[in-house]
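User: Could you help me learn to read a protein structure, one feature after another? I would like the general idea each time, and then the case here.

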Amino acid sequence: DNSADSASVFNAMMQIHTSLPYQINLALHPLLEANSDIIHITDYVAEKGSKKHIAYAASKAALANMTLSFSALLAPKVKVNNIAPALIKFNPKDDSEYRKKALSKSLMQREGGYQEIINALDYLINSRYVTGRTLSIDGGRHLN
């Protein structure tokens with residue numbers, strides 16, 4: 001039954017991307033009060049949506065919203081932010097047609113690479129002031 005499969009996928013996405021981070025944040029809250037950070041990994045699709053991956057996009061949007069609430073709850077001792085990547089690295093099995101189509105969606109016309117995520121993490125962790133924000137690592141995809 002397709003509706004049962006759809007419900008199962010939706011529930012799994014919400015469990016993985018929203019419920020588990022919620023529970024982890026609450027459980028670790030006392031340990032984080034020594035000037036720590038929470039950084040959620042959302043996705044470019046959290047703002048845009050996705051025709052093909054509706055449950056995934058909805059769960060990432062819920063996580064992005066949850067970041068706002070945890071940021072307000074845990075400030076000023078804990079900073080809570082998001083990193084929202086788009087096309088960081090191709091999978092080895094991605095064919096040239098898919099790669100060309102994906103690259104055409106961003107202004108930078110290339111993969112971001114893992115170092116971009118590391119740089120974003122470094123920035124957020126080293127900042128003493130940024131909280132409740134989403135750092136988009138998308139190669140200008142939102143402008144294309």
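User: How many bridges join strand E2 to strand E3, and in which sense do they run?

Analyst: A strand (E, at least two residues) or a helix (H or I, at least four) is a DSSP run, numbered from the N terminus. Two strands pair if DSSP finds at least two bridges between them. Here 4 bridges join E2 to E3 (residues 134-137), and these strands run parallel. At one of these places, Pro-85 stands opposite Ile-137 in E3. Keep in mind that this is a predicted model, where local features need pLDDT of at least 70, side-chain atom pairs count only at pLDDT 80 or more, and totals for chains, interfaces and linings use all residues. Residues are numbered from 1 along each chain as its sequence is written, and side-chain values use heavy atoms, leaving out hydrogens and water.

User: Which way do E1 and E2 pair?

Analyst: E1 and E2 (residues 79-85) pair in the parallel sense too, over 5 bridges. Asp-37 stands opposite Lys-79 in E2, and Ile-39 has Asn-81 as its bridge partner there.

User: How many residues of E2 are buried?

Analyst: The general idea is a cut-off on relative accessible area: buried means under 20%, exposed over 50%, and partly exposed in between (1.4 Å probe, protein chains only). In E2, 7 of its 7 residues are buried, so the strand is mostly covered by this definition. Lys-79, Asn-81, Ile-83 and Pro-85 point one way, while Val-80, Asn-82 and Ala-84 point the other way. E1 (residues 37-41) instead has a covered face, with Ile-38 and His-40, and an uncovered one, with Asp-37, Ile-39 and Ile-41.

User: What does the protein chain look like overall, and how much of it is buried?

Analyst: The protein chain has 5 helices and 3 strands, in the order α-β-α-α-β-α-α-β along the sequence. Its C-alpha atoms fill a box of roughly 50 × 40 × 25 Å along the principal axes. Buried residues make up 33% of the 144 residues.

User: What about the second largest pocket?

Analyst: About 200 Å³ of space lies there. Its lining has 14 residues, and Pro-76, Lys-77, Lys-79, Ser-127 and Arg-128 are nearest the centre. By class, there are 5 nonpolar, 5 polar and 4 charged residues.

User: How many aromatic pairs does the structure have?

Analyst: Rings of Phe, Tyr and Trp (its six-membered ring) pair if their centres lie within 6.5 Å; planes under 30 degrees apart count as stacked, over 60 as edge-to-face and the rest as tilted. The search finds 2 aromatic pairs. In one of them, the rings of Phe-90 and Tyr-98 have centres 6.1 Å apart and planes at 80°, so this pair is edge-to-face. Phe-90 is buried, at 12% relative accessible area, whereas Tyr-98 is partly exposed, at 45%.

User: Which residue lies over the face of Tyr-114?

Analyst: A charge sits over a ring if NZ of Lys or CZ of Arg is within 6 Å of the ring centre and within 35 degrees of the ring normal. Here Lys-89 lies over the face of Tyr-114, at 5.8 Å from the ring centre.

Definitions and conventions:
On a 1 Å grid over the protein atoms alone, a cavity is a set of points where a 1.4 Å probe fits but cannot get out, and a pocket is an open set with protein on both sides within 12 Å along at least five of seven lines; lining residues have an atom within 4 Å of a point. Grid points are joined across faces, edges and corners, and a volume is the space filled by probe spheres set on the points. Ala, Val, Leu, Ile, Met, Phe, Trp, Tyr, Cys and Pro count as nonpolar, Asp, Glu, Lys and Arg as charged, and the others, Gly among them, as polar.
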